[in-house]
Amino acid sequence: MTRYFAVLTVLLLMGLVLTRVFTMKRRGVDAMHFRQIDKTDYFIPPFALFYLYVIFAAALGWPLPSTRELFDSEVVRWIGVTLCLAGLALLAWSLASFGQSFRVGIDAERPDKRVTTGIFAFSRNPIYVGFALILLGQFLISSSWLLLAFLVAGYWLLHRQVLREEEFLRRQYGRDFEEYCQRVRRYV
């Protein structure tokens, strides 16, 4: 049953982000800027699709390169479900706090106002913390070496993106952003 929660988490995550992107598009704001700054990001979608396949395959019994789990604990699986739900809640709160400033990727041409209220008063990158919780939760639910590899790679990719965005924000907002960095932690 916990593996169905893993699938539901992925669907809700995609639904939250895509709903916000399409809602903003209808309001005349292009929120999708993924791969516009760094073309190496084109390598991410195939891995993301394989990740989705692994999550669905684990729940639905589809073929996988390996079905061996690193550990087998129902308690740990439910901890994973709890982490996924916490990650979704954090993502939803982040999207609400972002308002119309939400972007997927860096919008160098038309950056909106910088958000420092709501959840952003506690973490400079709450969306990425939410994603990280979901990745960890997904791993705890299925505990395969594939999901462990995705967890490690995902954390590296999230941190890489945070560093890119912070570099852009330093150039864009200067001292104001530096003061914000002194008040609010990067993650938690």
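**Close-up views of helix packing and cysteines**

**View 1. Helix 3 passes helix 4 in a left-handed crossing, that is, one in which the near helix is turned anticlockwise from the far one by less than a right angle.** In this predicted model, local features need pLDDT of at least 70 and side-chain atom pairs count only at pLDDT 80 or more, while totals for chains, interfaces and linings use all residues. Residues are numbered from 1 along each chain as its sequence is written, and side-chain values use heavy atoms, with hydrogens and water left out. Helix 3 (residues 74-98) packs against helix 4 (residues 126-142) at an angle of about 160°, with axes 7 Å apart, and the two are therefore roughly antiparallel (an angle over 145 degrees). Their contact (heavy atoms within 4.5 Å) comprises 20 nonpolar residues, six polar and one charged.

**View 2. Helix 5 (residues 145-173) packs against helix 6 (residues 175-183).** Helix 5 contributes E166, L169, R170 and Y173 to the contact, and helix 6 contributes R175, D176, F177, E178 and C181. By class, four of these residues are nonpolar, none polar and five charged.

**View 3. Two cysteines, C84 and C181, are shown.** C84 counts as buried because its relative accessibility is 1%, and C181 is also buried, at 15%, where buried means under 20% relative accessible area with a 1.4 Å probe and protein chains only. Across the whole structure zero disulfides are found, a disulfide being a pair of cysteine sulfur atoms within 2.5 Å.

Definitions and conventions:
Buried means under 20% relative accessible area, exposed over 50%, partly exposed in between (1.4 Å probe, protein chains only). Axes are lines fitted to C-alpha atoms, for helices over the stretch in contact, and angles run from 0 to 180 degrees between N-to-C directions. Helices (H or I, at least four residues) and strands (E, at least two) are DSSP runs, numbered from the N terminus. Ala, Val, Leu, Ile, Met, Phe, Trp, Tyr, Cys and Pro count as nonpolar, Asp, Glu, Lys and Arg as charged, and the others, Gly among them, as polar. Angles under 35 degrees count as roughly parallel, over 145 as roughly antiparallel, 65 to 115 as roughly perpendicular and the rest as oblique.
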